[in-house]
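Here is a briefing on one protein chain. Look over the sequence and the model first, then read on.

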Amino acid sequence: MALPKLNDTPKYSVTIPSTQATVRFRPFLVKEEKVLLLAMESDDSNDIILAILDTISACVADNIDVKKLTTYDIEYLFTQIRSKSVGETTTVGIECESCKEPNQVTVDINSIQVQGLDKVNYNVSLSADMQLELKHPTYTDIINDPAINENNPTETLFAMIRHCMKNLKTEDQIINLEDETAENIDEFVGSMNTEQFDSVSKFVDSVPVMQYDVEFDCKCGHHNKKELRGIQSFF
């Protein structure tokens with residue numbers, strides 16, 4: 001005889017930052033928390049990302065493809081799911097600017113917001129008759145690309161640019177760059193002049209990110225102000 005399932009009903013709703021679509025979700029359960037803990041113990045960033053993607057897929061009741069959501073969508077969704085699963089606050093260790101001693105600071109997870117969406121311009125003019133339409137990268141892009149490596153910032157920048165390419169618009173046609181090979185995209189990027197490349201680079205550098213501003217007083221008496229950015233700052 002099969003045992004009944006517990007806590008399988010979605011109870012909350014959240015808005016996906018990039019699309020503004022509202023989806024329903026439930027808190028993660030012990031089985032999902034176990035996968036997350038094992039991934040974090042492995043200290044492998046790809047394992048952690050995959051565990052987060054699987055958790056979101058399991059907890060969100062509506063039909064979404066987590067592989068197509070932007071990095072900041074994934075981070076925001078996971079943060080909101082976590083807040084309803086293990087508590088709406090988290091404690092972060094932050095070093096004092098003055099004495100360098102770590103301080104435990106409590107952060108209200110529900111106050112963490114994605115910043116920069118209102119400043120996004122997805123179109124870059126390359127010339128009078130050629131316009132580039134860009135998109136924000138996904139975590140699937142990142143974990144599947146060995147060129148993205150924190151130890152090689154130049155290769156990482158070029159890889160991120162490649163993953164941000166969507167369409168190339170000319171007077172006569174629209175070329176879907178997502179269907180092009182990595183080699184063709186790299187050749188296209190390599191043909192840009194410095195001004196064109198800088199315009200595309202700025203888009204990559206300004207991808208929206210979760211952000212929270214904290215202030216705290218250290219035991220040494222110094223008043224600190226700190227900007228926390230990205231999911232790694234909160235957990």
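**Salt bridges and the parts they join**

Asp186 is partly exposed, with a relative accessible area of 35%. Here buried means under 20% relative accessible area, exposed over 50%, and partly exposed in between (1.4 Å probe, protein chains only). The model is predicted: local features need pLDDT of at least 70, side-chain atom pairs count only at pLDDT 80 or more, and totals for chains, interfaces and linings use all residues. Residues are numbered from 1 along each chain as its sequence is written, and side-chain values use heavy atoms, with hydrogens and water left out.

*Asp186 and Arg162*

- The side chains of Asp186 and Arg162 form a salt bridge, at 2.9 Å from N to O. A salt bridge is a side-chain nitrogen of Lys or Arg within 4 Å of a carboxyl oxygen of Asp or Glu.
- This pair links distant parts of the chain: Asp186 is in helix H6 (residues 182-190) and Arg162 is in helix H5 (residues 153-164), 24 residues apart. Helices (H or I, at least four residues) and strands (E, at least two) are DSSP runs, numbered from the N terminus.
- Arg162 counts as buried, at 17% relative accessibility.

*Other salt bridges*

- By the same rule, the count comes to eight salt bridges.
- Lys166 and Glu133 meet through their side chains in a salt bridge of 3.7 Å, N to O. Lys166 lies in strand S8 and Glu133 in strand S7, so the pair ties together parts that are 33 residues apart in sequence.
- Lys166 is partly exposed, with a relative accessible area of 29%. Glu133 is buried, at 17% relative accessibility.
- A network of salt bridges links Glu133, Lys166 and Lys169.
- Glu32 and Arg26 also meet in a salt bridge, at 2.9 Å from N to O. Glu32 counts as buried at 7% relative accessibility. Arg26 counts as buried at 5%.
- Side chains of opposite charge can pair when their charged atoms come close.

**Strand pairing around S7**

- Strand S6 (residues 123-127) pairs with strand S7 (residues 130-134) in the antiparallel sense, over four bridges. Two strands pair if DSSP finds at least two bridges between them.
- The hairpin that joins S6 to S7 runs through two residues.
- Ser125 stands opposite Gln131 of S7.
- S7 also pairs with strand S8 (residues 165-170), in the antiparallel sense over five bridges.
- Glu133 has Asn167 in S8 as its bridge partner. The salt bridge of Glu133, by contrast, is to Lys166.

**The three-stranded sheet**

- Three strands form an open sheet in the order S5-S10-S11, with antiparallel pairing.
- Its edge strands are S5 (113-115) and S11 (223-229), and each pairs on one side only.
- Neighbouring strands of this sheet are turned by 40 degrees against each other on average, direction ignored. Axes are lines fitted to C-alpha atoms, for helices over the stretch in contact, and angles run from 0 to 180 degrees between N-to-C directions.
- Seven bridges join strand S10 (residues 209-217) to S11, and the two run antiparallel.
- Tyr212 is opposite Leu228 in S11.

**Core and buried positions**

- The largest nonpolar core has 58 residues. A nonpolar core is a set of buried Ala, Val, Leu, Ile, Met, Phe, Trp, Tyr and Cys residues joined through side-chain atoms within 4.5 Å.
- Those with the most contacts inside this core are Ile56, Ile74, Val107, Leu132, Met165 and Met192.
- Leaving aside neighbours within four places in sequence, Met165 is in contact with residues including Leu132, Glu133, Leu177, Phe188 and Met192. Contact means heavy atoms within 4.5 Å.
- Ser201 lies in helix H7 (residues 194-205). Ser201 is buried, with a relative accessible area of 7%.
- With neighbours within four places in sequence left aside, Ser201 is in contact with Leu157 and Ile161.

**The chain overall**

- The secondary structure comes to seven helices and eleven strands.
- Of the 235 residues, 41% count as buried.
- The C-alpha atoms fill a box of roughly 60 × 60 × 30 Å, taken along the principal axes.
- Among contacts between residues at least 6 apart in sequence, 56% join residues at least 24 apart.
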